[in-house]
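Take a look at the model below. The questions after it go from single residues to the whole chain.

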Amino acid sequence: MEQRINFYANGNGAFQSLSGLAAHLGKCSIEKQLLHLIYFRVSQINGCAFCLDMHSKDLLAVAETTQRLLVLDAWKEAPFYSDRERAALTWAEALTKLNDGLIADEIYNDVKAHFS
């Protein structure tokens with residue numbers, strides 16, 4: 001497949017915006033491993049090979065297991081994600097998909113129980 005857009009030449013503004021957001025989130029109280037897990041899951045949903053490559057390396061660098069990385073796409077059925085991780089992944093998916101523009105109160109309340 002031929003490259004259609006040169007990300008480095010044409011996407012610098014978008015990348016800088018995402019970098020600023022990542023810098024802010026990096027200062028929050030969310031554990032680094034969980035933050036990288038969220039980034040990786042959002043990248044799966046968006047189908048971004050560049051981001052999946054980058055975040056998979058980040059996850060392996062913070063000692064994430066290969067099993068959890070490989071099964072993340074089916075995290076709802078997998079037994080090895082904590083309730084806190086499940087809440088974060090549910091919230092990340094809801095924000096990423098925004099099918100009808102609303103996030104259910106049930107999802108919000110579950111996340112609120114794990115995060116301030």
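Q: Which residues is Leu60 in contact with, leaving aside its neighbours within four places in sequence?
A: This is a predicted model. Leu60 is found in helix α4, which spans residues 49-61. Setting aside neighbours within four places in sequence, its contacts are Thr66 and Leu69.

Q: Is Leu60 buried, exposed or partly exposed?
A: Buried means under 20% relative accessible area, and exposed means over 50%. Leu60 has 45% relative accessibility, so Leu60 falls in between and counts as partly exposed.

Q: What distance separates the C-alpha atoms of Leu60 and Gln33?
A: Along the chain, Leu60 and Gln33 are 27 residues apart.

Q: How far apart in space are Lys27 and Phe50, C-alpha to C-alpha?
A: Lys27 sits in the loop between α2 (12-26) and α3. Its relative accessibility is 74%, so Lys27 counts as exposed. In sequence, Lys27 and Phe50 are 23 residues apart. From C-alpha to C-alpha, the distance is 24 Å.

Q: Is His36 buried or exposed?
A: His36 lies in helix α3. Not counting residues up to four places away in sequence, His36 touches Asp58, Leu59 and Val62. The cut-off for buried is under 20% relative accessible area. At 17% relative accessibility, His36 therefore counts as buried.

Q: Which elements give two or more residues to the largest nonpolar core?
A: The largest nonpolar core has 16 residues. Those with the most contacts inside it are Leu34, Leu37, Leu72, Tyr81 and Phe115. The elements giving two or more residues to this core are α3 (32-46) and α6 (83-97).

Q: Which residues does Phe115 touch, not counting residues up to four places away in sequence?
A: Phe115 is among the residues with the most contacts inside the largest nonpolar core. Not counting residues up to four places away in sequence, Phe115 touches Ile30, Leu34, Arg84, Ala87 and Ala88.

Q: Are the rings of Phe80 and Tyr81 stacked, edge-to-face or tilted?
A: The structure holds two aromatic pairs. Phe80 and Tyr81 have ring centres 5.4 Å apart and planes at 45°. Planes under 30 degrees apart count as stacked and over 60 as edge-to-face. The angle falls between these limits, so the pair is tilted.

Q: What is the relative accessible area of Tyr81?
A: Phe80 is partly exposed, with a relative accessible area of 26%. Tyr81 is buried, with a value of 4%.

Q: How many helices does the protein have?
A: From the N terminus on, the elements run α-α-α-α-α-α-α. There are zero strands, and the helices come to seven.

Q: What share of the residues in the protein is buried?
A: The C-alpha atoms fill a box of roughly 40 × 35 × 30 Å, taken along the principal axes. The protein exposes about 7,900 Å², and carbon and sulfur atoms supply 57% of that area. Of the 116 residues, the buried share is 27%.

Q: How far apart are the centres of the positive and negative side chains?
A: The protein has 11 positive and 14 negative side chains. The centres of the two sets lie apart by 4 Å.

Note on methods. Residues numbered from 1 in each chain as written. Predicted model: local features only at pLDDT ≥ 70, side-chain atom pairs only at ≥ 80, totals over all residues. Heavy atoms only, no water. Helix = DSSP H or I, 4+ residues; strand = E, 2+ residues; numbered from the N terminus. Buried < 20%, exposed > 50% of the residue type's maximum accessible area, 1.4 Å probe, protein only. Areas by Shrake-Rupley, 256 points an atom, 1.4 Å probe, with all protein chains shown as cover. Lys, Arg positive; Asp, Glu negative; His and termini not counted. Charge placed at Lys NZ, Arg CZ, Asp CG, Glu CD. Phe/Tyr/Trp six-rings, centres within 6.5 Å; stacked < 30°, edge-to-face > 60°. Core = buried A, V, L, I, M, F, W, Y, C linked by side-chain atoms within 4.5 Å. Contact = heavy atoms within 4.5 Å.
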